[in-house]
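Please walk through this model with the text alongside. The tour goes from the core to the helices, then to single residues and the ligands.

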Amino acid sequence: MTAPEVQRVRDQRIEKVVPLMSPALLHHELPLTSELHDTVLAGRKQVEDVLNGRDQRLIVVVGPCSVHDPVAAGEYASLLRKEAERLSEDLLIVMRVYFEKPRSTVGWKGLIMDPGLDGSGDVGTGLQIARKLLLEVVRRGLPVAVEFLDPITPQYIADTVAWGAIGARTVESQVHRQLSSGLSMPIGMKNRPDGSVSTAVDAIQAAEASHVFPGIDYSGTPAILHTTGNPDCHLVLRGGGGKPNYSAEDVESSLALLRKAGLPERLVIDCSHGNSNKDHKRQPIVAEDIARQMESGQRAISGVMLESFLEPGRQDLGGELTYGQSVTDACMGWDATVAVLERLATASAKRRAL
Ligand SMILES: O=C[C@H](O)[C@H](O)COP(=O)(O)O
Ligand SMILES: C=C(OP(=O)(O)O)C(=O)O
């Protein structure tokens, strides 16, 4: 094809192409030192041990719906670190450090995609800020949780992560199931936004298998990735279709689906999203129900997810921002979070003693 012809067929809706550093270069700038490497591995091992019943504690994935201000997220991490230590006999606390937001239609897509919070989309800077904060959280000794949304970004940050999620909006996607089959940490598969749990069970089965698919390698070069399959994927109940799904009956029916599929009977329950109708004040009510199920001997509940930040509620981007308050879904404030963590720790201790 001649140059003018190419110009008429190729990239007709690409406005601008901006080079992006390779994962290797970002890792060179912001390395995971051997000490941090050991912390990540220890975190992953503890999560795996809880999921596989070798550790009787409860995993609690807790933190902001999204990170938009690394300073506030760092302050949150230092408070959470103290709680993680204080409650470590009963809870394995993992911090939500979520940089990628899946949107129902449009909206801010998280700090990696848009660190300027203004649609300017400086992904390179977003990845730098994200990796720096992830290393800081690991340095504090907290295992890190993220949602994996974009199939390219894991090469830049996944080495810091102890627990990953595939969200409700992407759990049916083959791309995300393949990605999960090659990720190095346990992955929680959320039920679909319409409430379908069987889709997440299918995702667990798909990610358990090995796959071959195109991606990028550590150097940023396009590559064919051959995965081994991920044996540590599990279900996350987040409610949906206008209904919660955290009750004892919902847990039993979800476990029946896992049993039917020949999968381990274990799950995590998200107190937020469809389970709270996105009302942060409802998260403690959901957590209380889960605590009671645990105290009645329900051992299949391996973990709980909470959306929490320094300040309660949420705010819209655009104006003057309140420090420490979510710009995506409403979060519990810090005091309410501590009360819920204490309640879950009591339930975990009681369940262990049964
Ligand atoms: O967790 C955050 C939100 O629930 C998710 O990103 C979807 O948000 P939206 O429905 O407001 O787009
Ligand atoms: C987007 C999230 O959840 P879900 O996929 O359940 O909506 C989240 O946990 O941030």
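The paragraphs below take the structure part by part.

This is a predicted model: local features need pLDDT of at least 70, side-chain atom pairs count only at pLDDT 80 or more, and totals for chains, interfaces and linings use all residues. Residues are numbered from 1 along each chain as its sequence is written, while chains are lettered from A and ligands numbered from 1 in the order in which they are written.

Start with the core. In soluble globular proteins, nonpolar side chains tend to be buried together. Here the largest nonpolar core has 90 residues. Such a core is a set of buried Ala, Val, Leu, Ile, Met, Phe, Trp, Tyr and Cys residues joined through C-beta atoms within 7 Å. A residue is buried if 20 or more other C-beta atoms lie within 10 Å of its own, exposed if 12 or fewer, and partly exposed in between, with C-beta atoms placed from the backbone. Val-60, Val-94, Val-97, Val-144, Val-304 and Leu-344 have the most contacts inside this core. Take Val-94. Leaving out residues up to four places away in sequence, Val-94 touches Val-47, Ile-59, Val-60, Val-61, Pro-143, Val-144, Ala-145, Ala-162 and Trp-163. Contact means C-beta atoms, placed from the backbone, within 7 Å of each other.

Next come the helices. Helices (H or I, at least four residues) and strands (E, at least two) are DSSP runs, numbered from the N terminus. The expected span of a helix is 1.5 Å times one less than its number of residues. Helix α5 has 17 residues and should span 24 Å; its end C-alpha atoms are 24 Å apart, which agrees. Its buried residues are Gly-126, Leu-127, Ala-130, Arg-131, Leu-133, Leu-134, Val-137 and Val-138. These pack against α2 (23–29), α3 (34–51), α4 (70–86), β2, β3 (144–147) and α6 (154–157). Gly-141 follows α5, with a positive phi near 90°.

Helix α9 covers residues 248–260. Which of its residues are buried? They are Asp-250, Val-251, Ser-254 and Leu-258. These residues cover an arc of only 100° around the axis, so they sit on the same side of α9. The arc is that of the directions from the helix axis to the C-beta atoms. An α-helix has 3.6 residues a turn, so residues three or four places apart point the same way. The face of α9 turned away from the buried side carries the exposed residues Glu-249, Glu-252, Ser-253, Ala-256, Arg-259 and Lys-260. The cover over the buried residues of α9 includes α8 (198–208), β8 (234–237), β9, α10 and β10 (301–307). Just after α9, Gly-262 takes a positive phi of about 75°.

Helix α10 buries Gln-283, Val-286, Ala-287, Ile-290, Ala-291, Gln-293 and Met-294. Seen down the axis, these fall within an arc of 160°, so they line one face of α10. They pack against α9, β9, β10 and α11 (334–353).

Now for single residues. Ile-187 lies in strand β5. It counts as buried because it has 26 C-beta neighbours inside 10 Å. Ile-187 and His-234 are 47 residues apart in sequence, yet 6.5 Å apart in space, C-alpha to C-alpha. Val-197 lies in the loop between β5 (187–190) and α8. With 24 C-beta neighbours inside 10 Å, Val-197 is buried too. Beyond four places in sequence, Val-197 contacts Asn-191, Leu-235, Ser-254 and Leu-257.

Asn-277 is in the loop between β9 (267–270) and α10 (283–295). Its phi is near 55°, a positive value in a residue other than glycine. Asn-277 counts as exposed because it has 12 C-beta neighbours inside 10 Å.

Finally, the ligands. A residue is near a molecule if its C-beta atom, placed from the backbone, lies within 6 Å of it. Ala, Val, Leu, Ile, Met, Phe, Trp, Tyr, Cys and Pro count as nonpolar, Asp, Glu, Lys and Arg as charged, and the others, Gly among them, as polar. Around ligand 2 are Cys-65, Tyr-98, Pro-102, Glu-147, Gly-167, Ala-168, Arg-169, Lys-190, Arg-238 and His-273. The shell of ligand 2 divides into 4 nonpolar, 2 polar and 4 charged residues.

Notes
Two residues are in contact if their C-beta atoms, placed from the backbone, lie within 7 Å.
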